[in-house]
Amino acid sequence: EDALHGAERQIALRAQEIDDQGRPRLVERTLDVRIPAGVRPGQYIRLPGQGLPGHGGEPAGDLYLEVRIAPHRLYRLEGNDLYLTLPVTPTEAALGAQVTVPTPAGPQVDVTIPRGARSGMKLRIKERGLPGKTPGHLYLLLEIALPPADSDAVRAAYEQLAKAAPSFNPRKNLGA
């Protein structure tokens, strides 16, 4: 979320400093860090003058923080693109449907699931990934979610489907 929208965070830093008598001591500091929107893993955030003090009274150097992005509960990051696994029902996949999808940077959007969609199919929502000179996209990876056969009505529906498509064999390409 911070990489997407940008944020202000505080970090605690422990560093060794030399006291007035020339002895090393451990000092803890709290720094304010501005995380820019669209920051990528592996990039560095530079904090001027926040590094170790220079020798002989020289000014302190710069502190560089390497960006790591924690996993998100919904989205997976690849480059500047985001991926969301989107569960759809068998009827939505077979017949096509309009479904509402959350987007990371704003309001939900309605997406058309094409008729005959399959698990693993990828749909793209342009420029809804990480911001930047070239904004990323949001990709939806379709995953067909089957209703559990935990009632007589659902079991009967599955049995009716099996009778309606007796020659359907999802493993035919495996030589089975």
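**Charged and aromatic contacts**

Visitor: What makes Asp 19 and Arg 23 a salt bridge?

Guide: The closest N and O atoms of Asp 19 and Arg 23 are 3.6 Å apart. A salt bridge requires a side-chain nitrogen of Lys or Arg within 4 Å of a carboxyl oxygen of Asp or Glu, so the pair at 3.6 Å qualifies. The model is predicted: local features need pLDDT of at least 70 and side-chain atom pairs pLDDT 80 or more, while totals for chains, interfaces and linings use all residues. Residues are numbered from 1 along each chain as its sequence is written, and side-chain values use heavy atoms, leaving out hydrogens and water.

Visitor: Why is Asp 19 called buried?

Guide: Its relative accessible area is 19%. Buried means under 20%, exposed over 50%, and partly exposed in between (1.4 Å probe, protein chains only); Asp 19 is therefore buried. Arg 23, at 47%, is partly exposed.

Visitor: Why are the rings of Tyr 83 and Tyr 139 described as stacked?

Guide: Rings of Phe, Tyr and Trp (its six-membered ring) pair if their centres lie within 6.5 Å; planes under 30 degrees apart count as stacked, over 60 as edge-to-face and the rest as tilted. Here the centres are 5.1 Å apart and the planes lie at 20 degrees, so the pair is stacked.

Visitor: How do you know that Arg 76 lies over the face of Tyr 83?

Guide: The criterion is NZ of Lys or CZ of Arg within 6 Å of the ring centre and within 35 degrees of the ring normal. Arg 76 lies over the face of Tyr 83, at 4.6 Å from the ring centre. Arg 76 also meets Glu 78 in a salt bridge (2.1 Å, N to O).
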